[in-house]
Amino acid sequence: MEESPGPRLAVIAGPTGVGKTAVAVALAKRTPIEVINADSRQVYRGMDAATGKPTLEERGAVVHHLIDVVDPDERYQAARFRTDAAALVEEIRARGALPVVVGGTGLYIRALIRGLDPAPPADPAFRRELTALAAREGRTALHRRLAREAPAVARRLHPNDEVRVVRALEIVRAGGGAVLEPGRWWSESGPYDVAYLGLTADRAALAGRLHARAAAFVAAGLRAEVQALLARGYDLALPSLSSIGYREFVRVERRELTPEEALRLMQRDTVRYAKRQWTWFAREPRIEWIDVDRAGGIEGVGETIALKLKRGGWIE
């Protein structure tokens, strides 16, 4: 773990469903920490069934910040996360605890620990045009357009990742394409001394767990939650409702899919999302990977991280 002169914090990252929250709870048994959520969907109030938020028991075991902070129709992006999380780092350290950033949204984590290059502002009129195109011809039409205008960027984005594809088209249109180039999204160093831990597991085994987890989300009332969100008047095109699980069951309410078809798509896309997360975090220069099963499960990982933090001077 390479030292820098800034304040110390830890990061626990990795693919969805690998056990990041449970590991943070295990770590909290061994040293005083507070968790800063770095999951882009857990920030939304009223979206609980398919976002994997910490349970009440887990929140009772360790303080979690930046969960349920905005409504589904509010924008919450990496720049806002960085501002909120940076303030929390100082507050947590002032209380004598170690700030631990926990989540799978790599852009949020990168924004905090190294920052992002400035990008052009949002263009609401252009976004409406792109949203209409996606509604008419599907998300892949947006990706094809990006492939024509910025092929290298399109190759890094999944065709179904509408939010990022739209943002990339917006940046390219505004002449800010350099912001999208690899190596231009962040600085090589940042303001913090970071212990960056990545959790991993056997991919086939994790895929099986993700299938079961998606089924559990549905059984826990995902469809009813989507119905409640729509009844409150939230726009179907909101980025919050485009996340995995919600977008499929929005289509159920539109009678485009059966619940069984929605679950199959949800399971498939969750596994694909986990693969993209592995790819993202594998590019982080200082991440140290820990295999959850080889380390002895959740408690074993908690102990492993505590020892790493102690050896590195992050905790006493």
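Entry 1. The model is a predicted one. I noted a volume of about 170 Å³ for the second largest pocket. I then sorted its lining residues by class and got five nonpolar, three polar and three charged.

Entry 2. How many cavities of 30 Å³ or more does a search of the whole structure find? I wrote down one. The largest cavity holds about 40 Å³ of space. Its lining is made of His158, Asn160, Arg247, Asp269, Arg272, Tyr273 and Arg276. By class I recorded four charged residues, two polar and one nonpolar in this lining. Which element gives the most to the lining of the largest cavity? I found that helix H12 does, with four residues.

Entry 3. I went on to helix H12, which covers residues 259-282, and to helix H11, which covers residues 246-253. Their axes come within 9 Å and cross at roughly 165 degrees. Angles over 145 degrees count as roughly antiparallel, so I put H11 and H12 down as roughly antiparallel to each other. I also noted that the crossing of H11 and H12 is right-handed. On the H11 side, the contact is made by Arg247, Glu248, Phe249, Arg251 and Val252. On the H12 side, I listed Pro259, Ala262, Leu263, Leu265, Met266 and Asp269. This contact of H11 with H12 has seven nonpolar and four charged residues, and no polar ones.

Entry 4. I took helix H5 (residues 124-137) and helix H6 (residues 139-149) as a second pair. The axes of H5 and H6 come within 6 Å and cross at roughly 125 degrees. I therefore recorded H5 and H6 as oblique to each other. Which residues of H5 meet H6? I listed Phe126, Glu129, Leu130, Leu133, Ala134 and Glu137. From H6, the residues they meet are Arg139, Thr140, Ala141, Leu142, Arg144 and Arg145. By class, I counted six nonpolar, one polar and five charged residues in the contact of H5 with H6.

Technical notes:
Residues are numbered from 1 along each chain as its sequence is written. This is a predicted model: local features need pLDDT of at least 70, side-chain atom pairs count only at pLDDT 80 or more; totals for chains, interfaces and linings use all residues. Side-chain values use heavy atoms; hydrogens and water are left out. Axes are lines fitted to C-alpha atoms, for helices over the stretch in contact, and angles run from 0 to 180 degrees between N-to-C directions. Helices (H or I, at least four residues) and strands (E, at least two) are DSSP runs, numbered from the N terminus. Angles under 35 degrees count as roughly parallel, over 145 as roughly antiparallel, 65 to 115 as roughly perpendicular and the rest as oblique. A crossing is left-handed if the near helix is turned anticlockwise from the far one by less than a right angle, and right-handed if clockwise. Contact means heavy atoms within 4.5 Å. Ala, Val, Leu, Ile, Met, Phe, Trp, Tyr, Cys and Pro count as nonpolar, Asp, Glu, Lys and Arg as charged, and the others, Gly among them, as polar. On a 1 Å grid over the protein atoms alone, a cavity is a set of points where a 1.4 Å probe fits but cannot get out, and a pocket is an open set with protein on both sides within 12 Å along at least five of seven lines; lining residues have an atom within 4 Å of a point. Grid points are joined across faces, edges and corners, and a volume is the space filled by probe spheres set on the points.
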